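Please look over the sequence and the model shown here before reading on. The paragraphs that follow go through charged pairs and then one further residue.

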Amino acid sequence: MMTKINKILGVALLAGVLFSCGENDAPIEELLSAKCPAKIEFQLPDNLQQLIYTDATGAQVLPLIKGERISLPYIMTPDDITFSDVIWSSSNPEIASVDDQGNVEALSGDGIGYSIVQVAPVGMFSGSGVNCNLKIRVSNTLIKAQSVSVSVSGTEVYAGETLQASVSILPEDATYRTVRWTSSNEAAATVDANGLITGQKTSAMRTPVTITATTLDGSNVIGSAEIVVLQIIQPQSVTIDQSFAAPNYYCAINEKYLELPYTTVPAECTKSLIEWTSSDESIATVSGGVVTFNQSGNFGDVTIKARCPETGNETSIKLNLAAGLIRETYHNPNQYSWYNAKQSGNGTSSSHVWHDGYITITTYTQNATNQRADIRCWDAHTWFHAGNYPIFAFRMDDVKDLGHGITSRNINIDAVGKSASGADYKAIANGNNKYLHDYKCSDGSHVFIYDLSEQACGTGGLMPTNETVDFTTLQIKHADMRTVDHQFNYNLYWVQTFKNMAELDAYVKSEGLTWEVIK
């Protein structure tokens, strides 16, 4: 037969209520209506709270010095709980002890050992999940900070928005890992104890602010970072410049993106509020006026629209991502795909250096009498279209003209591609020096020209004129530079396709060059 207390426990558990009993039994009605703690948490004073940091395990850590004594106040909720007795424990009392009043004493440690101090309601200590822990890490002596580095998640913040600041403290075993955050201008930006920066409304459009972190160990080591607080001003109208609009301009997929020029009223508005959309995101997406082209081989027209949300004013531009257009002109140091093939031999290696409008390529030693430096397209895909853009050309130095005693060299196009309908194509023009034309320009450079509609591939023959061919390997082999026994440099100015020879000739003229036809 069940005892009275077992009956009470059984009823209470069935009711979903947990509670703690003393020696004297309480009336069943009182036990069944008992309110148990739902949550317990520390309420530390500011002088301790500012020292707590989160370690790599996600634990909240409070560093203490050997001999230091502190008290850990706490609260339990809800306020009207029936049973409020708690149990204190230390996972390693040799490092930090705790009494039944929550008084902690740091006993021993080298800054690596630690003890988990826990407080939990009586009767809910094991497995209930209602408890509160703090990792106490004890150092035998104070190790002061020597340097503080501050990093911020951005350099600009709008009023009402936030940035996150963080610190790196050296040495790595410094006792205190947190800092006191301050702002040089709290009217423009505030920063809380966790390094969260909030921009404030001011009369100035741009306000510079210095965010400073000061160590808490008495060393007064500081670190700082500069930010700018911007005010939110709604754009009233936006106008996209039509310089890149089709059909007067065509976009090249190998260029990856296009920054659209546009103007706003007022000029000093918050441009991030402008809403940008693309009519066909399979061709191009847009964000902040930067159009990003797909790299999957989708071509055609796409309309980019910009809208001011407050007024509804909008503007648009129609772009055309042209199938078969390649435009590599080396005017963007962060975005170009054609450069040396990174070859090496006989203790040497090829390399290149970017300049605005060209790259300089260094050869490598192919053998005792030959140099080599192939040019590779490093994009995963390059699409030719022999119908739209049959002329494939590149302007570079002919190494025979550079004064190194070179009597011959070989240029050919190593290529592996597949048409949209599945046919294979390899080795454009199929052989060494099979370019259709060689222009020697007035600056000494050469334009080597192929016609994809006339010159057959070694595999597949002539490319189709009604569909794209996707090349996953595309390399201008520039080899067998004889006879030379040392590395040297040559320049590559551009790699492009053109609709016809007249368009190519006009482009070369636009560079201020004349030429004679060598081949």
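**Charged pairs and one valine**

The side chains of aspartate 424 and lysine 418 come together in a salt bridge, with an N to O distance of 2.6 Å; the term stands for a side-chain nitrogen of Lys or Arg within 4 Å of a carboxyl oxygen of Asp or Glu. Aspartate 424 is partly exposed, with a relative accessible area of 40%, and lysine 418 is likewise partly exposed, at 41%, where buried means under 20% relative accessible area, exposed means over 50%, and partly exposed lies in between (1.4 Å probe, protein chains only). The model is predicted, so that local features need pLDDT of at least 70 and side-chain atom pairs count only at pLDDT 80 or more, while totals for chains, interfaces and linings use all residues. Residues are numbered from 1 along each chain as its sequence is written, and side-chain values use heavy atoms, with hydrogens and water left out.

Side chains of opposite charge can pair when their charged atoms come close. By the salt-bridge rule the count comes to 14. One of these pairs is glutamate 275 with arginine 307, whose closest N and O atoms are 3.1 Å apart. This pair links distant parts of the chain, since glutamate 275 belongs to strand E22 (residues 275-278) and arginine 307 to strand E25 (residues 300-307), 32 residues apart; helices (H or I, at least four residues) and strands (E, at least two) are DSSP runs, numbered from the N terminus. Glutamate 275 is partly exposed at 36% relative accessible area, and arginine 307 is partly exposed at 30%.

Another salt bridge joins the side chains of glutamate 511 and arginine 395, at 3.3 Å from N to O. Here too distant parts of the chain are linked, 116 residues apart: glutamate 511 sits in the loop between helix H4 (501-510) and strand E45 (515-517), and arginine 395 in strand E37 (residues 391-396). Glutamate 511 is partly exposed, with a relative accessible area of 29%, whereas arginine 395 is buried, at 6%.

What does valine 416 contact, leaving aside its neighbours within four places in sequence? Valine 416 lies in strand E38 (residues 408-419) and is partly exposed at 32% relative accessibility. With those neighbours set aside, valine 416 is in contact (heavy atoms within 4.5 Å) with Tyr425, Lys426, Asp470, Phe471, Thr472 and Thr473. Valine 191 is 225 residues from valine 416 along the chain, and their C-alpha atoms are separated by 57 Å.
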